[in-house]
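This report covers helices, the nonpolar core and salt bridges. The sequence and structure come first.

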Amino acid sequence: LPATWHWAESCRPQVDACNYHTECCLVIRVMISILIFISIAVVLYRRKTKSTSKPNFGMYIPEIIDVLLVLIRAGQSPASAMAQLHYWAPDNLYKHLIQVHTRLLQGERFIDVVKTLRDDLGSSFYPLCDILVSADRDGLPITSVLDQLAHHAHLERRRLQDISARQLPVRLLLPLTCCILPSFVLLAMVPLVVNSLSAVSAQLF
């Protein structure tokens, strides 16, 4: 029995060294897995950001309609109101609306200018542009129609904001995971490895 005990004591440094090697390999594997996961997450996030980088002009429709209503109720015609709209336009729409102003000053037909604007801004502006073209062609009052369109535009934006608020936890899942998981490794596993290294070093040396 004493000989067996002496043999076990003599083998303890080798066993500790083997355990140390196993723990180091485990930590390295975990860190490599975390780095791979973070890299994949960053690549996917960048791709999603690039795919959604195109500005959404539809979100500005309520403000545009409200400004048009104010100008038209102040006695401006649809063409005159559109020519002045760039003064209150958001930054993303300023370039398009200043082109409308310039083309109207150059004498182009209002219908042609609005059709070009309709094509540039996309389907979200189709109802508004169609109403403006009809009002300019037929000379009919459009304040009541714009009131209804503004009401529906505000409701639609509120609905989209509710959808975006519901999607927020899902969007935050990836950043939170990428931040919490590495911190968990640093705060929980790294101290254990450091303590194991200290213990093994004390026994070996």
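## Salt bridges

A salt bridge is a side-chain nitrogen of Lys or Arg within 4 Å of a carboxyl oxygen of Asp or Glu. This is a predicted model: local features need pLDDT of at least 70, side-chain atom pairs count only at pLDDT 80 or more, and totals for chains, interfaces and linings use all residues. Residues are numbered from 1 along each chain as its sequence is written, and side-chain values use heavy atoms, with hydrogens and water left out.

The structure holds seven salt bridges. One of them pairs Arg118 with Asp130, with the closest N and O atoms 3.1 Å apart. Arg118 lies in helix α5 and Asp130 in helix α6, so the pair ties together parts twelve residues apart in sequence. Helices here are DSSP runs (H or I, at least four residues), numbered from the N terminus. Arg118 is partly exposed, at 23% relative accessibility. Asp130 is also partly exposed, at 36%. The classes are buried (under 20% relative accessible area), exposed (over 50%) and partly exposed (in between), with a 1.4 Å probe and protein chains only.

Arg103 forms a salt bridge with Glu108; their closest N and O atoms are 2.7 Å apart. Glu108 is partly exposed at 32%. Arg137 pairs with Asp138, at 3.5 Å between the closest N and O atoms. Arg137 is exposed at 52%, while Asp138 is partly exposed at 44%.

Helix α2 covers residues 61-73. The expected span of a helix is 1.5 Å times one less than its number of residues. For the 13 residues of α2 that gives 18 Å, and the end C-alpha atoms are 18 Å apart, which agrees. Its buried residues include Ile61, Pro62, Ile64 and Ile65. Gly75 follows α2, with a positive phi near 105°.

Leu128, Cys129, Ile131, Leu132, Val133 and Ala135 are buried in α6. Just after α6, Gly139 has a positive phi of about 75°.

## Nonpolar core

A nonpolar core is a set of buried Ala, Val, Leu, Ile, Met, Phe, Trp, Tyr and Cys residues joined through side-chain atoms within 4.5 Å. The largest has 37 residues; Ile65, Met82, Leu93, Phe125, Leu128 and Leu146 have the most contacts inside it. Elements giving two or more residues to this core include α2, α6 and α7 (143-204). The most come from α2, with eight residues.

Ile65 touches Leu128, Leu146, Leu149, Ala150 and Ala153, not counting residues up to four places away in sequence. Contact means heavy atoms within 4.5 Å.
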